[in-house]
Amino acid sequence: MLQTLYDYFWWERLWLPVNLTWADLEDRDGRVYAKASDLYITLPLALLFLIIRYFFELYVATPLAALLNIKEKTRLRAPPNATLEHFYLTSGKQPKQAEVELLSRQSGLSGRQVERWFRRRRNQDRPSLLKKFREASWRFTFYLIAFIAGMAVIVDKPWFYDMKKVWEGYPIQSTIPSQYWYYMIELSFYWSLLFSIASDVKRKDFKEQIIHHVATIILISFSWFANYIRAGTLIMALHDSSDYLLESAKMFNYAGWKNTCNNIFIVFAIVFIITRLVILPFWILHCTLVYPLELYPAFFGYYFFNCMMGVLQLLHIFWAYLILRMAHKFITGKLVEDERSDREETESSEGEEAAVGGGAKSRPLANGHPILSNNHRYQSCSSCPQSHPLQSQRRWSGYHHCQPP
């Protein structure tokens, strides 16, 4: 049974053009061809990448974060409460008003205390700025090195300048050591990203990221099996050309260098649009869709490879939409932020708690009440010849705030 499945899976008609067999791709006369067994090494290499990443984040990214004054922020922890914890884990992290009232009765806490508990509990699960910086530093380092290495692998090849040469002699195209290691390292890295995605910072496009990693792994693996190596190296280098720019923009954003972040982001947006929405569909996809048919009839491998390329292209369009949204915010004067990230609740929520709780104690008092910020809008008072912040009338709505209660 297993042998039958194995034979069907490796049937030449699935992977190779007509009139060609696996025997045509056996090593001979000093020429080495890609083999499926070559990819076994990528799994232990992926584990090695995870180990290297751990030490990189500990001994490189963390000291760099300290130099940029990025530190772990102390967050107030939610006190132990079995009732609220069970609801948080099973029913949701943001209870509705009716659920807050029910939980208030069950736990013996006030409604405001329940809301505060859930806010603090959500903040405990949010990734810290330091964690985000470490991850961005690791990806930036890899993508930059991979892009430089990828260009070194393909820049001197004739098919880098003439796409038709990608298919010259296909599939009888031998591989060279630089192509081998470029493939193994790229595939190992994407395996490591897939292994660590559950523990990494979770973004709004979490599902799209999983689809991207799986599609990339399948695409790289298949292109190796079917000897689409020349096209594969072009595609991988094209993707790496913009990824390191995005990660560097994130690093500067976490460090608070907003202007540098915005400038790098603009460069990234331009490179991304050109490479993913122009070069990839109109050069690379044209190369993989049109030129092969001039040499041999379409076969399953041809359709499969281009379908996976189509999945990646759809993801690029989705991310281009997010990038254009961020670019619009930049043009209209708003700070650039990663549209894929959940907005941080920590700063605003803790500030709210300070206002409700002990925050008023740290502000100077006037007539026993906190003096409000000068940034508030003022309005003339009907009860006295003074101007007071609008917020003060909302805050002390039960009595005139100039008079004792």
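## Cavities

A cavity, as the word is used here, is a set of grid points where a 1.4 Å probe fits but cannot get out, and a volume is the space filled by probe spheres set on such points. In this predicted model, the second largest cavity holds about 140 Å³ of space. Its lining is made by 15 residues, of which Thr216, Leu219, Ile220, Ile235 and Met236 are the closest to its centre. The elements that give two or more residues to this lining are α8, α9, α10 (229-254) and α12.

By class, the residues that line the second largest cavity are 8 nonpolar, 5 polar and 2 charged. A search of the whole structure finds 2 cavities of 30 Å³ or more.

## The largest pocket

The largest pocket contains about 610 Å³ of space. It is lined by 27 residues, and those nearest its centre are Trp10, Lys35, Ala36, Ser37 and Phe225. Two or more lining residues are given by each of α1 (2-9), α3 (42-67), α8 (177-196), α9 (206-225) and α12 (300-331). Of these elements, α9 supplies the largest share of the lining, with 6 residues.

The lining of the largest pocket divides into 21 nonpolar residues, 3 polar residues and 3 charged residues.

## Helix α4 and its two partners

Helix α4 (residues 82-90) and helix α6 (residues 111-125) have axes that come within 11 Å and cross at roughly 55°, and the two helices are therefore oblique to each other. The crossing of α4 and α6 is right-handed. On the α4 side, the contact is formed by Leu84, Glu85, Phe87, Tyr88 and Leu89, which meet Val114, Trp117, Phe118, Arg121, Arg122 and Asp125 of α6. Sorted by class, the residues of this contact are 7 nonpolar and 4 charged, with no polar residue.

With helix α5 (residues 97-107), the axis of α4 comes within 9 Å and crosses at roughly 145°. Here Thr83, Leu84 and Phe87 of α4 make the contact with Glu99, Leu103, Gln106 and Ser107 of α5. The contact of α4 with α5 has 3 nonpolar, 3 polar and 1 charged residues.

## The contact of α3 with α7

The axes of α3 and α7 come within 9 Å, at a crossing angle of roughly 115°, and the crossing is right-handed. In α3, the residues that take part are Phe49, Ile52, Arg53, Phe56, Glu57, Ala61, Thr62, Leu64 and Ala65, and in α7 they are Leu130, Phe133, Arg134, Glu135, Ser137, Trp138, Thr141 and Phe142. The class count for the contact of α3 with α7 is 10 nonpolar, 3 polar and 4 charged residues.

## Backbone features in two loops

Most residues other than glycine have a negative phi, and most peptide bonds are trans. Asn69, a residue other than glycine, has a positive phi, near 65°, and its place is in the loop between α3 and α4.

Tyr170 and Pro171 are joined by a cis peptide bond, for which omega is about 0°. Pro171 lies in the loop between α7 (129-154) and α8.

Definitions and conventions:
Residues numbered from 1 in each chain as written. Predicted model: local features only at pLDDT ≥ 70, side-chain atom pairs only at ≥ 80, totals over all residues. Heavy atoms only, no water. 1 Å grid on protein atoms, 1.4 Å probe; cavity = no way out; pocket = protein on both sides within 12 Å on 5 of 7 lines; lining within 4 Å. Helix = DSSP H or I, 4+ residues; strand = E, 2+ residues; numbered from the N terminus. Nonpolar A, V, L, I, M, F, W, Y, C, P; charged D, E, K, R; others polar. Axes fitted to C-alpha atoms, helices over the stretch in contact; angles between N-to-C directions. Parallel < 35°, antiparallel > 145°, perpendicular 65-115°, else oblique. Left-handed = near helix turned anticlockwise from the far one by under 90°. Contact = heavy atoms within 4.5 Å.
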